[in-house]
Amino acid sequence: TYYPRVTGVGVVVEGWARRLAKLGIHPIILAPEHPPTPYYPPHEPPPEAEVLRLPSKPVPFAPGLRAMQAVGPIWEALVNKLKGRNTLVHAQDPLAAGRIALQLSKATKAPLIVHVHSPVFGTEARDWLPGLVGPVAQPLLHTAARRAVRSLCLRADAVLAVTDFVADLFDARGIPRPKVLPCGIEKPFPLDTSPDIRGVHSIPKDAPLLLYVGRLDPDKGITELLLAFKYILREEPHAVLLLVGGGPFQPNYQKKARRLGIAQRVVFAGWCQHRDVWRYYRQADLFIIANRDEAQGLVALEAQACGLPVVGYRTGGIGLMVADGLTGILAAPNPQNLAAAAVELLRNEKLRRKLGAAGPSRAAAFSADENLNQLLNIYREVLSKHQNQDAGKL
């Protein structure tokens, strides 16, 4: 859940670390060691954060993910350092990181918060499995993942979910509903349209430009996005789909684009530093995402912050982050409907400008600064409750 693997969670965690340090709170980011890979870019952590990396193993059936191991001198030194300190453990993932977070909480007697950034009781685990394991094993693995998450959440001092969509998935399974705390987004970098993104990627100036930003992983709906773009090209043959992001599955999606006969109109730009992504938002015609159950959709908020209208599904977190008919167009979840919404927006410049102009005020409701204030209130509540419980045992 932390770099070099690029995720919205990583951006948010670093934002929290910078702000906590300014308040005199020492942030430690505990993350897995990552061997060098060709699909993740170099990363420099913020100087305010102490990043500790534990030995790790690959996560089965999830290429690119690593699971930390509670062993070695770094782990032992961390436990000793935190014992007796005013400490709180905030896990950003109930599967890969949750187990280690629980161990650290127990070893240091610190309260544990589990923050759920993904639809773990939806289809996320299942999205990774086709092609990696047989159809008989898929439901068994999906059930095992859900049981592990349920067990961890029931043992945590507090559970947070990034949207009501994720919280509703807990309700549906009779698990205590988490408190909802969406993640916030950073302010866009000052207006800067250089370099010319179209020029960098050899995209004609008059080509309708659709943008996607994010991981190219199975849980992000990339296959549906490529299918939708094939339908879009039937109506707008000069359109270009620009995908900013990457990951171990990128070659698979490049092959998929070739099989669909759309490769000449699809640009795989690879990763860029987060400070540079705002240029892409500002120079595209619309943002498009085809994930049916995105937990929140920080990229959709970032697009709106830059005045870029969004086309996506009305399900999941995207349906909560985008105001349908005000900052974007939301469609019923299938590629044909998504394509129809995109074509409507591409052909109506006046509507694009109207929706784009409303985006920044929508995104402002999810500012990273306000998000930290909400998080601090939760930290105070959990620490106070934990301290009172300890006092009651004396």
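Me: Taking exposed to mean over 50% relative accessible area and buried to mean under 20%, is Ser202 buried or exposed in this predicted model?
Reply: Ser202 belongs to the loop that runs between α7 (197-200) and β9 (209-213). Its relative accessible area is 67%, and because the cut-off for that class is over 50%, Ser202 is classed as exposed.

Me: What is the phi of Ser202, which is not a glycine?
Reply: Most residues other than glycine have a negative phi. Ser202 is not a glycine, yet its phi is positive, at about 55 degrees.

Me: Which residues of helix α3 (residues 98-108) are buried?
Reply: Burial here requires a relative accessible area under 20%. In helix α3, which spans residues 98-108, the residues classed as buried are Gly98, Ile100, Ala101, Leu102, Leu104, Ser105 and Thr108.

Me: Which backbone atoms does the side chain of Asn291 reach?
Reply: Asn291 sits in the loop between β12 (286-288) and α11 (298-305), and it counts as buried because its relative accessibility is 5%. A polar contact needs a pair of N or O atoms within 3.5 Å. From the side chain of Asn291, one such distance is 3.0 Å, to the backbone oxygen of Asp219, and another is 3.2 Å, to the backbone nitrogen of Asp293.

Me: Leaving aside neighbours within four places in sequence, with which residues is Asn291 in contact?
Reply: Contact requires heavy atoms within 4.5 Å. When the neighbours of Asn291 within four places in sequence are set aside, the residues in contact with it are Asp219, Lys220, Gly221 and Tyr313.

Me: How many aromatic pairs does the count come to, and is the pair of Tyr2 and Tyr3 edge-to-face or stacked?
Reply: With ring centres required to lie within 6.5 Å, the count comes to five aromatic pairs. Tyr2 and Tyr3 form one of them, at 5.3 Å centre to centre and with 85 degrees between the planes. Tyr2 counts as buried because its relative accessibility is 3%, and Tyr3 does so because its own value is 8%. Since planes over 60 degrees apart fall in that class, the pair of Tyr2 and Tyr3 is edge-to-face.

Me: What kind of aromatic pair do Trp278 and Tyr281 form?
Reply: Both residues lie in helix α10 (residues 274-283), three residues apart, or about one turn of the helix. Trp278 is buried because its relative accessible area is 1%, and Tyr281 is buried because its relative accessible area is 1%. Their rings are 5.9 Å apart centre to centre, with 50 degrees between the planes, and the pair is classed as tilted.

Me: Which residues do ring pairs link into a cluster?
Reply: Trp278 and Tyr281 form an aromatic pair. Through ring pairs, the linked cluster is made up of Tyr212, Trp278, Tyr281 and Phe287.

Me: Is the peptide bond from Tyr3 to Pro4 cis or trans?
Reply: Most peptide bonds are trans. Pro4 lies in the segment before α1. For the bond from Tyr3 to Pro4, omega is near 10 degrees, and the bond is cis.

Me: Which residues line the largest cavity?
Reply: The structure holds one cavity of 30 Å³ or more, and the space in the largest cavity is about 40 Å³. Strand β4 (residues 66-68) gives the most to its lining, with three residues, and by class the lining divides into five nonpolar, one polar and one charged. The lining residues are Thr1, Pro32, Arg66, Ala67, Met68, Ala96 and Ala97.

Me: Which residues lie nearest the centre of the second largest pocket?
Reply: The second largest pocket has a volume of about 970 Å³, and its lining has 23 nonpolar, six polar and three charged residues. At least two lining residues come from each of α1 (8-22), β1 (28-32), α2 (72-82), β5 (89-91), α3 and α15 (368-393). Of the 32 residues in the lining, those nearest the centre are His26, Pro27, Ile28, Leu88 and His90.

Conventions. Residues numbered from 1 in each chain as written. Predicted model: local features only at pLDDT ≥ 70, side-chain atom pairs only at ≥ 80, totals over all residues. Heavy atoms only, no water. Buried < 20%, exposed > 50% of the residue type's maximum accessible area, 1.4 Å probe, protein only. Helix = DSSP H or I, 4+ residues; strand = E, 2+ residues; numbered from the N terminus. Polar contact = N/O pair within 3.5 Å; in protein donor to acceptor, adjacent residues only side chain to side chain. 1 Å grid on protein atoms, 1.4 Å probe; cavity = no way out; pocket = protein on both sides within 12 Å on 5 of 7 lines; lining within 4 Å. Points joined across faces, edges and corners; volume = space filled by probe spheres on them. Nonpolar A, V, L, I, M, F, W, Y, C, P; charged D, E, K, R; others polar. Phe/Tyr/Trp six-rings, centres within 6.5 Å; stacked < 30°, edge-to-face > 60°.
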